[in-house]
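Subject: Structure for your review

Dear colleague,

Please find the structure below. My notes on it follow.

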Amino acid sequence: MQEQGIKTSDWATFRAQAQRMLDAALTQMEQAADHPWQPVPEDISERYALDGTPRGAEAAVDQILRDVLPYHGGNTHPRFWGWVQGSGLPSDIVASIAAACVNANMGGRDHGANYMERAVVDWTRRQMGLPDSASGLLVTGTSQATVIAFQAARLRVCPDLRNIGQAGVRLTAYAGAGVHNAARKAVEVLGIGADNLRKVPLTEGQLDTAALRRMVAEDRAAGATPFLVVGTAGSVDLGQFDDLNALADAAADLGLWLHVDGAFGAWTRIAAEPYRALSDGIGRADSIALDFHKWMYVGYDCGVALLRHETEHRAAFAARPSYLEGADRGLAGGEPWFCDYGIDLSRGNRALKVWTALQTYGDAAFSEAITLNCQLAKQMGEEVAHHQQMALAEPVVSNVCVFTARRDLPEAAQSQTNARIAQVLQEQGEAVFSTTRVNDVVLLRAAITNHRTQPADITAALQAVAREAAV
Ligand SMILES: *Cc1c(COP(=O)(O)O)cnc(C)c1O
């Protein structure tokens with residue numbers, strides 16, 4: 001079919017092609033275990049090159065099936081545990097069709113999708129134990145949620161920030177030594193400066209609150225304005241959790257805003273014990289950044305900024321020039337508008353895929369999947385511990401397992417072996433581990449945020465590790 005301009009005239013043909021696309025997507029998801037990551041072909045850029053010629057829906061779908069679907073990032077596969085990546089849900093396919101159909105702009109105005117985003121934010125707020133006074137915004141991910149939270153935090157100590165900037169105030173923020181890079185980026189973007197994000201030492205994997213108190217006192221004495229402490233619920237390298245209750249106490253004593261980076265680990269809130277207890281105290285935070293696209297398995301992208309006080313959230317971002325004036329009725333109604341709670345004016349409909357997932361599977365299914373992921377990481381840790389040549393870097397506390405395949409080798413050789421094993425298993429489509437360094441040794445790392453993983457996958461992957469470690 002050759003399209004006659006952008007306006008589709010031959011709907012029968014288009015419908016047939018769209019249905020072919022849907023079928024292929026469902027089949028690939030149903031058979032996710034048969035579709036591991038594979039290297040992209042050398043000529044991929046040429047295949048994707050655009051020359052401006054109309055080829056029609058049939059040719060476009062043909063090419064998507066041939067050149068797009070096979071070359072994904074592997075995170076839909078049951079043995080993918082690299083970095084921290086969500087596995088994607090069939091409900092995403094349903095939601096993205098509906099989202100494309102209505103093409104909602106979520107900046108504001110009075111249409112259904114805004115009410116749905118409020119429902120998703122409210123559901124999330126309740127899971128985290130924040131009060132009714134809280135507000136939230138769906139964003140691209142925790143990185144952006146962190147910027148939003150830090151900006152609101154800064155307004156508390158610099159009330160005229162929006163007009164005059166920081167005006168010579170030297171703000172300092174505090175975070176445990178293992179804090180994610182997203183916190184650093186946020187202080188850089190906001191002009192606070194990375195040197196003013198002070199790294200507090202850890203004791204037993206947790207931010208040392210006594211050291212925090214000392215550092216804040218020193219910085220105050222030196223003329224700085226400490227304003228923020230970042231707690232980590234689920235550290236990216238080892239899956240460790242700060243003691244959030246101790247941090248909330250310290251933040252209250254020191255007059256600091258408590259932000260929790262809960263990108264994935266915040267979801268232990270809905271896991272069974274003992275995992276739920278890891279995030280105890282998270283509901284005492286002034287702000288929380290977390291993701292739906294990691295440990296809630298929902299398709300990319302979707303994170304949330306949650307703020308304890310709607311008034312502070314709104315005060316940091318609300319701005320309505322005349323071309324955005326609201327009204328009490330009609331399409332310009334529907335207050336409050338989401339554009340008043342963040343940076344974006346035009347916004348996509350992220351709520352629909354979250355809502356569709358929760359409506360389709362129900363809360364209990366997510367609790368069980370998250371709990372199972374922790375149990376699988378524990379299983380992996382136990383199998384590693386039982387293997388003669390393997391060793392854990394740290395005890396497994398949540399869903400992250402970090403280990404060496406050859407503890408019997410000198411450190412440099414261990415690093416080489418572990419890095420090679422990660423590569424070989426990725427290239428052979430057997431399993432995806434990523435790597436990290438502990439005490440400068442490269443180690444294999446599995447962060448299990450994958451609802452498709454079963455116990456047998458763990459055993460099989462460790463057998464593959466052992467096989468390659470013997471080479
Ligand atoms: C992934 C991650 C981030 C960044 O989140 P994005 O959604 O990728 O922006 C921040 N903190 C932690 C602990 C993470 O794992």
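**Ligand site**

An oxygen atom of the ligand lies 2.6 Å from an N or O atom in the side chain of serine 143. This is a polar contact, that is, a pair of N or O atoms within 3.5 Å; within protein, one atom must be able to donate a hydrogen and the other to accept it, and residues adjacent in sequence count only if both atoms are side-chain atoms. The model is a predicted one, in which local features need pLDDT of at least 70 and side-chain atom pairs count only at pLDDT 80 or more, while totals for chains, interfaces and linings use all residues. Residues are numbered from 1 along each chain as its sequence is written, and side-chain values use heavy atoms, with hydrogens and water left out.

A backbone N or O atom of threonine 142 is 3.1 Å from an oxygen atom of the ligand. In the side chain of aspartate 261, an N or O atom is 2.6 Å from a nitrogen atom of the ligand. The residues around the ligand (a heavy atom within 4 Å of it) are Gly141, Thr142, Ser143, His180, Gly234, Val236, Asp261, Ala263, Phe264, Asp291, His293 and Lys294.

**Domains**

The protein chain divides into domain 1 (32-89 + 365-471) and domain 2 (104-361), with bounds from an automatic or database domain assignment. Their centres, taken over C-alpha atoms, are 29 Å apart. Domain 1 brings 30 residues to the contact and domain 2 brings 23, contact meaning heavy atoms within 4.5 Å.

About 2300 Å² is buried between domain 1 and domain 2, and carbon and sulfur atoms give 69% of this. Buried area here is the accessible area (1.4 Å probe) that two parts lose on being put together, summed over both. In domain 1, the residues that lose the most area to domain 2 are Val84, Phe366 and Ile370, together 28% of what that side buries.

Between the two domains there are 12 residue pairs in polar contact, both residues at pLDDT 80 or more. On the side of domain 1 that touches domain 2, at least two residues each come from α13 (363-386), β11 (400-404) and β12 (434-438). Helices (H or I, at least four residues) and strands (E, at least two) are DSSP runs, numbered from the N terminus. The largest share of that side, 10 residues, is from α13.

**Salt bridges**

The number of salt bridges between domain 1 and domain 2 is 0, whereas a search of the whole structure finds 28. A salt bridge is a side-chain nitrogen of Lys or Arg within 4 Å of a carboxyl oxygen of Asp or Glu. Arginine 198 forms one with aspartate 219, with the closest N and O atoms 2.8 Å apart. Since arginine 198 is in strand β3 (residues 197-200) and aspartate 219 in helix α9 (residues 209-221), the pair ties together parts that are 21 residues apart in sequence.

**Backbone**

Most residues other than glycine have a negative phi, and most peptide bonds are trans. Glutamate 273 and proline 274 are joined by a cis peptide bond, with omega about 10°; proline 274 is in the loop between β7 (257-261) and β8 (287-291). Another cis peptide bond joins glutamate 335 and proline 336, with omega about -5°. Tryptophan 83 has a positive phi, near 50°.

Regards
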